[in-house]
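User: I would like to go through the charged contacts in this model with you. Could we start once the structure is on screen?

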Amino acid sequence: MTTHLAHPIDPTALKELRSADDAGRRTVPVTDEEGGAPLRCCLRRSAPGMGVPPLERSREWGSIALVSYAPQRRRAAEHGVDPGAYDEQGPVFIHAEDCAGPDGDALPFANAHRTVRRYSGDGRIVGGRLVEPGDFEAAFTEAFADPEVAFVHVRAVEYGCFLYEVRRG
């Protein structure tokens with residue numbers, strides 16, 4: 001049973017990212033020939049062929065985009081703090097058009113090793129750990145047992161990419 005909720009990229013941020021990313025580049029939709037890209041807007045994987053011409057795709061498909069996203073910069077601006085050295089940006093896949101968002105509350109992308117990075121309320125890293133598949137809930141419970149931890153980022157081990165955020169409950 002999932003007791004911690006995965007939060008995708010905020011809809012307001014997604015709207016902005018669909019125009020220009022956090023590095024200031026224009027967003028360019030692409031076709032995903034292979035499928036499997038972790039979409040941070042709906043916390044699902046892309047389907048093969050996403051981005052084929054509109055008349056040839058189902059309503060669930062659509063184009064995807066690889067954009068630069070700066071979660072700490074956005075969070076710092078929202079909370080009126082300075083992100084300092086934690087103002088990192090990295091690549092994330094999103095639907096290039098509006099999507100329905102997550103479907104359910106199961107933890108996404110939990111079938112591989114991940115990093116759970118812990119942050120304080122002012123956005124400073126206060127720890128982290130490697131998480132094995134099946135150990136996510138224990139990692140979140142451990143993280144939030146520390147009163148200094150306000151939220152965690154789940155990140156890909158291979159590239160360090162942001163996957164989603166889990167907040168103190």
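This is a predicted model: local features need pLDDT of at least 70, side-chain atom pairs count only at pLDDT 80 or more; totals for chains, interfaces and linings use all residues.

User: Which side chain does Glu142 meet in a salt bridge?

Analyst: The partner is Arg118, and the N to O distance of this salt bridge is 2.4 Å.

User: Where do Arg118 and Glu142 lie?

Analyst: Arg118 belongs to strand E6, residues 114-119, while Glu142 belongs to helix H3; the pair therefore ties together parts that are 24 residues apart in sequence.

User: And is Arg118 buried or exposed?

Analyst: Arg118 counts as buried, because its relative accessibility of 13% is under the 20% limit.

User: Let us stay with helix H3. Where is Thr141 placed, and which residues does the helix cover?

Analyst: Thr141 sits in helix H3, which covers residues 136-144. With a relative accessible area of 47%, Thr141 is partly exposed.

User: How far apart are the C-alpha atoms of Thr141 and Tyr69?

Analyst: They are separated by 27 Å, and the two residues are 72 residues apart along the chain.

User: Back to the charges. How many salt bridges does the structure hold?

Analyst: There are 10 salt bridges in the structure. One of them joins the side chains of Asp22 and Arg74, at 2.7 Å from N to O.

User: What parts does the pair of Asp22 and Arg74 tie together?

Analyst: Asp22 is in the loop between helix H1 (11-17) and strand E2 (38-39), and Arg74 is in helix H2 (residues 71-79), so the pair links parts that are 52 residues apart in sequence.

User: How accessible are they? Start with Asp22: buried or exposed?

Analyst: Asp22 is buried, at a relative accessible area of 14%.

User: One more pair. What is the N to O distance between the side chains of Asp21 and Arg25?

Analyst: The distance is 3.6 Å, and the two side chains meet in a salt bridge. Asp21 is buried, with a relative accessible area of 9%, whereas Arg25 is partly exposed at 49% relative accessibility.

User: Why does Arg25 count as partly exposed?

Analyst: Exposed requires over 50%, and the 49% of Arg25 therefore stays in the partly exposed class.

Notes
Residues are numbered from 1 along each chain as its sequence is written. Side-chain values use heavy atoms; hydrogens and water are left out. Helices (H or I, at least four residues) and strands (E, at least two) are DSSP runs, numbered from the N terminus. Buried means under 20% relative accessible area, exposed over 50%, partly exposed in between (1.4 Å probe, protein chains only). A salt bridge is a side-chain nitrogen of Lys or Arg within 4 Å of a carboxyl oxygen of Asp or Glu.
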